[in-house]
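Thanks for coming. Please have the sequence and the model open while I talk.

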Amino acid sequence: KFGLGSKMALIWGKKSTGLPVEVITAHRPKKDSPDPEKYTTCVLDIDIYKNKPRVSTHTSTYQRPSDPVVGTTFTLTISGNWSTHGKYIKSYLQKLAVITPYASMDFEFVPSKDPKSEAKHQRVEMSWARTSDNMPPAPKTVQHHPSSLNNL
């Protein structure tokens with residue numbers, strides 16, 4: 001399952017470029033396991049008019065890839081105005097890295113290859129390393145507040 005940020009990124013990427021997202025997952029069966037047992041790759045698209053998902057590719061393998069991943073990798077392409085919004089994207093990712101110390105993140109901005117493009121930018125790469133190996137506890141289900149039961 002994805003959080004709201006991943007869903008919104010998928011929709012933003014779809015609306016701005018029309019390209020699908022790629023998700024690669026590999027999780028260790030036990031905390032002390034050296035490598036994941038299974039690697040799964042999924043290429044997802046969405047029909048934004050019908051709100052229907054489209055799974056282009058969904059494969060699972062027990063073979064270790066050349067560049068092994070542990071966890072989840074979410075790759076997407078987004079089009080936008082880097083000159084105006086780049087500083088906000090950098091700020092958001094820096095704050096996200098602070099509140100998710102158990103995750104490592106990589107970001108890459110690749111300038112347009114379109115010769116008609118007016119803006120000339122340099123390639124930007126940023127990485128935030130994991131600073132903690134401790135995952136937060138899973139959220140607990142709580143009961144509704146009694147006064148909110150009338151609003152259900």
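Helices here are DSSP runs of H or I with at least four residues, strands are runs of E with at least two, and both are numbered from the N terminus. By that rule the chain has two helices and six strands, in the order α-β-β-β-β-α-β-β along the sequence.

A word on where this comes from. This is a predicted model, with local features needing pLDDT of at least 70, side-chain atom pairs counting only at pLDDT 80 or more, and totals for chains, interfaces and linings using all residues. Residues are numbered from 1 along each chain as its sequence is written, and side-chain values use heavy atoms, leaving out hydrogens and water.

Of the 152 residues, 20% are buried, meaning under 20% relative accessible area with a 1.4 Å probe, protein chains only.

Now the end of the pattern. Strands β5 (residues 105-109) and β6 run antiparallel and are joined by five bridges; two strands pair if DSSP finds at least two bridges between them. F109 has V124 as its bridge partner in β6. On β6 (residues 124-128), V124, M126 and W128 form the covered face, while E125 and S127 form the uncovered one.

Where do those covered residues go? V124, M126 and W128 belong to the largest nonpolar core, together with W82, L93, A97, M105, F107 and F109. Such a core is a set of buried Ala, Val, Leu, Ile, Met, Phe, Trp, Tyr and Cys residues joined through side-chain atoms within 4.5 Å. Helix α2 (82-99), β5 and β6 each supply at least two of its residues. A second, separate core has six residues, among them L10, V21, V23 and I46.

Note on methods: Buried < 20%, exposed > 50% of the residue type's maximum accessible area, 1.4 Å probe, protein only.
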